[in-house]
Amino acid sequence: MSTIRVFDRNGEIDRVFLGDGQVAIGRDIRARIHLDSNDISSSHGQIQRSDDHYEYQDLGSTNGSLVNGESVERAILRDGDIITLGDYRLVFGDDSGSASPYAASERTMAISLGNERLTQATQASATAKKNGSLPQWLIKLAPALHWMPHYARDELRADLVAGLTIAALLVPQGMAYALLAGLPPVHGLYASVLPLLLYAFFGTSRHLAVGPVALDSLLVATGVGAMAVAGTSQYIALVVVLTLIIGVLQLLMGSLKLGFIVNFLSKPVLTGFTMAAAIIISVGQLNNLLGLGLSRSKTFFETASNTIEALPHPHLWTLAIGLSGIVLLKVIKQLKSPVPGPVILLIGGTLISWLVGFADHGVAVVGAVPSGLPQLAFAFPDQSQITGLLPLALTLSFIGFMGTLSTGKNYASRFGYRIDADAEFRALGISNIGSSLSGGFPVSGGLSRTAVNVNAGAKTQLAAIVSALLVLLSVAFLTPLFYHVPVPLLSAIIVFSVVGLINIAAFRYLASVKPLEILVLLTTLLVTLSQGFSTGLLAGILMALIVHIVIQTRPNISLLGRLPNTAIYRSLDNHPEAEHVDGVAILRIDASFYFANAEFLQRKIAEITEADPPPKIVLLDASSVNDLDSSGDSVFRDIYRDLNRHGIQLYVAGIKFPVREVLIRSGLYEEIGAKHFFYTVEAAMQRIREAEKI
């Protein structure tokens, strides 16, 4: 089978086996080959089979496509051809004469050529099982015990480079997110050491970069800020206790295998919630970014109103520094610098601040940062703290886990391995307990930081261990250098990081895929902005459930006809060529038959059977009915008896075993008659033709 192997600057990232279908390529998340780069158009190109060969077609992309170095709009692909799209290379392999890609010989070859470490790990695992050296439950609890003994030396350099890159990024981000959370900057560094080490041992993702994130930080500031003044010792103590409660909750829920609970957080809910948080964060940071001198407001709209009033009177030095920081971050991103923008901004901004003396010109700087290692301490929460912080802790537990899981799954799918959701819940819980012990605040998997980790070439969680050790060295020896870090630049880092979360493309996606779910996104967004995070999240979940119920209570019912010269029956509305059978109404119900939709289904069936002239026979295609509750059974009985009164016979095809069992227990199966039930529509139609001479 022919393949497309996808490479970026760090090596192979995906492999696609080509069939007869169309393979979309682009920045759109729905594309089979998803290339996350600004150089790639949303729908950049596609590969499809044409007769006995495959063709690549450029779909009017902004930056064009190259095949073997030549610009093309359409090209026939031959074995070994290279499609170049921005920084990505797509290598076409024509294996049409080979055996199935899942044959044993090819699978063995793929392992030997693609990843010798996998072969070594498999052999070592077999040896370990034979010797009984490590019990499986221990390896499952701490996945690092599996990969560490078999670590490949050729991956060390890549992990060291990625670890250094993430450590350099974590220092400015950690300090910035600590300020966002209402904490002294050093607590962002505390949250960037022990959690990383713990996740490296207990997590199942090879690439996830755990640490402080903007959304969690804002939730901390909003929730704990209502209980204590930000930055005070009481506030810090509450944040540490909150982090501990979050960790315990996540560890407990992971141990009880409750990861499925996050299924209630649908994509529109999470998108609306994240967009609201990004808007709140961005507006809230304008105060530090522009030097407006505003005090903390209780609500978003109060903050926005005060900010708008103060905009004409910014602190000019702060304004120049803050806006310059955002522009510089944008330019660095466009230039694709190997050094992350926040790192360049932190080093350059701090040096200029020291030389020019920003503090003497009224610009806020970080000031003295305590040096030395964090003191490990366990904060025992009292009853009042648990009661007051539990709602916020639950919200952060689920939001943090959902972000971690979605990011981890994204890169696990990209690099061809799996992560365990319940193990991730436990690992994140242990990481947050570690953050609490070291005086940090809640952590989770960061999407942008993980992307940097992957782009830097990370292969395993050794990169996270390297990052943690380097941040630890920074805390121990380099904190005096942070004195002159300008606060406006930290705000610029925050704003630049979260603006990308305002996902306008999500509206277009929902409009094309499921327009009704836009209501869920907007409800979550607006309620979160107006009423706060917990209320907004609950409102979004409730609206998602309402939309789901509304859809389920009005399921599709199709009138079927037979496709010419086949035994296949399809909707007459969607297939005009389908042949209607005179005297027979063939109906398909595309939903379970239960209390919420039973009356609707009865009414729709009545509308179809009350046609003029009425059908002699109703054949119900029940192949899509997965369940039948007591209300559905009662309505089913009413439908049968109503048809019977009018002399209309009822036949049923494709009924599933659980549904038939309900009919048997209720006696309706016997009342209708076993001879009126068939495995397929065609089998029922053959009997009807014989019996009714149709």
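Ten aromatic pairs are counted in this predicted model, where rings of Phe, Tyr and Trp (its six-membered ring) pair if their centres lie within 6.5 Å, and planes under 30 degrees apart count as stacked, over 60 as edge-to-face and the rest as tilted. One of them joins phenylalanine 300 and phenylalanine 301, which are edge-to-face because their ring centres are 5.2 Å apart and their planes stand at 65 degrees. Phenylalanine 300 is buried, with a relative accessible area of 14%, whereas phenylalanine 301 is partly exposed at 47%; buried means under 20% relative accessible area, exposed over 50%, and partly exposed in between (1.4 Å probe, protein chains only).

The rings of phenylalanine 593 and phenylalanine 636 have centres 5.8 Å apart and planes at 80 degrees, so this pair is edge-to-face. Phenylalanine 593 lies in the loop between strand E16 (584-589) and helix H22 (598-609) while phenylalanine 636 lies in helix H23 (residues 630-645), so the pair ties together parts 43 residues apart in sequence. Helices (H or I, at least four residues) and strands (E, at least two) are DSSP runs, numbered from the N terminus. Both phenylalanine 593 and phenylalanine 636 are buried.

A ring can also face a charge, which sits over it if NZ of Lys or CZ of Arg is within 6 Å of the ring centre and within 35 degrees of the ring normal. Arginine 206 lies over the face of tyrosine 417, at 4.1 Å from the ring centre.

Residues are numbered from 1 along each chain as its sequence is written, and side-chain values use heavy atoms, leaving out hydrogens and water. In this predicted model, local features need pLDDT of at least 70 and side-chain atom pairs count only at pLDDT 80 or more, while totals for chains, interfaces and linings use all residues.
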